[in-house]
Amino acid sequence: MTGSWQVLRLAEEHLGYSGDPGLVAAEHFDDLPSHRHALRLARDHMGVCAAFGLWTGAAGALRGAPARRFTPLVYLAQASDERLPKEIHKRVWSQGLVPHLLIAEPDCLWLCRGFEYPTTNWAGSVRQLPAVAGGNFAESVPELTARRLRTAIAWRDFSARESDFVDARLLNALAELAHDFTKERPDRPRLEPAAANALIARLLYFYFLVDRGFITEKRLQIWGVAEIGLDARSEWPVEATHRLFSQLDGVFNGSIFPMRDIHRPAITARHVNDLRQVLRFYGEPGHGGSLQLGLFECDFTSLRTETLSAIYEMFLRAEEKDGAKSVGAFYTPPFLVDYILDRIEDEKPLGSASRLLDPAAGSGVFLVGGYRRIVEAALPRGRQHMALATLKALMMGCIFGVEKNETACHVAAFSLYLTMLDYVDPVEAAEMVECRHPSTEPEGAKLFPPMLGEPGRPPNLTVGDFFEVPAGERFDAIVGNPPWVQLRNLESGAADDYLAKAQPTPPIGDNQAAELFAWRALKEFLAEDGLLGLLLPAKSLVNKASDDFNQSLRASAQLVGISDLSHLRYKLFRQPKTAEQRARHPAAAIILRNRVPEPDHQFWVYRPLRTGQPVDRKGLLWLLIHDWTQITWHLQTDVTARNWPHLFTCSPVDERVIDYIDRGIAGHKFLSIGDLESFGLKLANKVSNHVDRQYWLGTGKGEGQDWRLPVAGERLGGTPMMFAEMMLKPLPDSELRKATSEARPFLQGKIVVMPRDCTGARFITIPVVFSSSLIGACFPEYAGKDMPVQHLIFLQALAAYLESRLFKYLASLTGRNMMGDRRRLEVATLKDLPWPFQGPGDPRLAKFIGMTPDDRDRMVCDLLGIDDLFRSVISEFDEFRSRFRDGQAPEGATDTVGGEVEVAPYRKMLGAQINQDDDHRLIWRRLGNDDAGAMIIQYQGLGVSPESPDQALERAWQHYQRHTGSGVGQSRYLWHSQQRMESVLIKPLARMHWTQERAFADADAVLAAVMSGFDSERPA
């Protein structure tokens, strides 16, 4: 080989990038719709010549936003000499944007992990592929071929440790040093946490300015701090350090990390220089107070401003004991911010006239993302910089935030200022920095705008409580991640007063602070037709206590869309080292428009699965793809309090079953469990608070006895009992007398108990008391008395029914947030579920309890009129789909389907739903080695002559490739020809995409295409 350029071209050809729409040359980075600044920085600072990535959008879906997004997956760079590859890798890792990096040298290709950077033995930790005649790079790195990168299957082999990401490395190193600063050492006195944080933040600020060229040796001489050296050998005197910080405050409007006078005397030169070694010269705190050098390397020029949000979490936890836990603040990763802002811009792009507010701004990560988009929209085409005055005006006119924590508010200002520096013309900035002196500059000539306010001007970033901010100003977009705690934990008297005094009373459930933030933002700060995009706890959308909140939102605003992120719990937010502070609650992103909903308005719901996202084999999330092909659309006026929770638990086929059951109960075709109260049955899940806990029956630790204890069999009246109680402690009369009169009937035996996660049921004859994690059923009429045999049989049959597949299926779909939390079934929900028999005395009950579990399932479905096709859906749910709950994934979800036999159940359901008259044919094809399969649907008898299936598939496949179809971004790509009346569904080969549940949804899409006139061949 004669040059790195030729090696790079070969790599593009071998990996299938050449001629692919996913390959974008560096000269076209300015034209991309997303990540423009990061890609320009990669081009200008990292030697990146091209990027290969995903184009995501509504292609292959019937509906969706027209905007397309580009997500880079691989950087392709050139290195002119052997010293550069390592430096390029460090810069790409510091940016934290792409998972893969290819670096071409004249005779080889380096393969590097973009999210990992080895601090030692770099050459031994990356792969070097020699460029030899006749060689093919794809054989060495098949996982980086274009076709593999477009499949979610490929990402299951990708591994990235959370601790290797640049933000985690930086955060952990600084957190350890901050902690070390608060301990007494022989050579260094201890610092208060606030002083340690201020020192760290100010020095970070300084080095960002150095790396961006805004502080130079000449500038330091002008300031009179020549003792401040920029190399590793110099030692900074503490007096000169304080003078440096004062000069920064003066020139850059940079008093953004206030250091109190009482803290200054404790700071020594040792503190300053130890911190410099960590930040700048690759040192890391070691054991015994020593500094280990060479362990941490970061290129501040490449580090994205958004990464600084990680520092907020550290500051908060250091200054406030259990701060993150008590006020509900967690580090919101940039990819999640981008996701919210993308959904806002799907409706209306941000621009120079936009006014954006974050009412719980934290470290400002949403504000930084919004400001960057506003600046990019204002940049003239092909330009990277704009006038400083314009950048200031955009920040002052467009960006607003409120944050209670003063340190966090300063970090937000710092982050915005650094973002502004990304766009300042270097010539203009150099003139300001080099030629002006703080003692002679007019106040208005500071580099940064006064976002924290100044005399005579209110702040853009308000340090204070959102509920103390007077209403009046209106904003075009409100975004953020408000605290996920109850108001009592928010410790905000203003919030309590607002809730008590606001008229009309805010419809907040269970005193949830996030709901109150959302309600006030919508009602008092969002402009007419403005957009609100917030991250909320998913339970705010499904809890019964929040029904009024959700109903009021639906009545007063237009729902744009909701992303239920429950399946991604534990993987959305970066995890602190202390497990008790992890963000365990599932999240949801909700997008609203401040407009009264029209009668025909529809909104979307998206429920992404972890296995459908480009995550590593441990499920680590670094990107959130919005797959328009997996969206379900709902008419807002059709949503009721009863069916609202189904949006987050039911797929289309599940909704069909639930609707059938509801109509059967309403039409008295069969009973509900609630109807059994007419026979004297009572249900409860909280029965006593006075009984000794050792007698409690429960599902967790500290609840006395485990309801699942193995027991021996007994017989009663010749009928086999399901369970006996030889290993349980019977409740003595002395304890029974402590219980309330309402509770006693449930404590005297002959009851059915079931955990709220519906994992089984038990019929127990001896007196026990059950905790609130269980639901109990009994006949109070016979409490403490002999019970008729028919009632005993009834209770046994009830326990058997509660263990049936059908019941667990229905409970999972109707129990609020069952897929996210497992212990969510309420008594009221249980009463709404069907009962397939009659009351005590029904002769079928005795036969039922004597059956095998499979026979019971068949009998229940027969009695409820559920046919074989939908029985198979229920079985599939029990064996496969139910295991997606609680952020998990079933074994084999991403395994490749092998052929016709495995696809047969999918094909059967698809065919049954498309047409009952057999005037179509379905042909399945595996697309070579492309990790994709296709189902071809051709209609007959419609006056058209269908072409061969292979011709239809070829046309669909070409369309798919032209639109850079991807198994990650389009997990069901629909091509339809109205002229030929044929459809093709292209899907990844992972098993999770070829279920009967997916077949039902796919059939809906195909039929909608036929009925709506959708035509993939129509010119765009």
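**View 1. Six strands line up in an open sheet with mixed pairing.** In this predicted model, the strand order runs β1-β2-β3-β4-β5-β6. Look to the two edges for β1 (23–25) and β6 (127–130), each of which pairs on one side only. From one strand to the next, the twist averages 25°.

**View 2. Helix α3 packs on the sheet.** Here we follow α3, residues 84–95, as it touches β3, β4 (100–105) and β5 (108–113). The direction of α3 makes about 160° with that of β4.

**View 3. Strands β2 and β3 pair in the antiparallel sense.** Zooming in on this pair, you will find β2 at residues 48–56 and β3 at residues 69–78, joined over eight bridges. A handy place to start is W55, whose bridge partner in β3 is F70.

**View 4. Helices α15 and α16 pack with their axes 10 Å apart.** The pair is made of α15 (residues 365–378) and α16 (residues 388–398), and the angle between them is about 130°.

**View 5. A closer look shows the residues where α15 meets α16.** From α15 come Y371, I374, V375 and A378. Facing them in this contact, α16 brings L391, L394, M395 and C398. Sorted by class, the contact of α15 with α16 holds eight nonpolar residues, with no polar and no charged ones.

Key
Residues are numbered from 1 along each chain as its sequence is written. This is a predicted model: local features need pLDDT of at least 70, side-chain atom pairs count only at pLDDT 80 or more; totals for chains, interfaces and linings use all residues. Side-chain values use heavy atoms; hydrogens and water are left out. Two strands pair if DSSP finds at least two bridges between them. Helices (H or I, at least four residues) and strands (E, at least two) are DSSP runs, numbered from the N terminus. Axes are lines fitted to C-alpha atoms, for helices over the stretch in contact, and angles run from 0 to 180 degrees between N-to-C directions. Contact means heavy atoms within 4.5 Å. Ala, Val, Leu, Ile, Met, Phe, Trp, Tyr, Cys and Pro count as nonpolar, Asp, Glu, Lys and Arg as charged, and the others, Gly among them, as polar.
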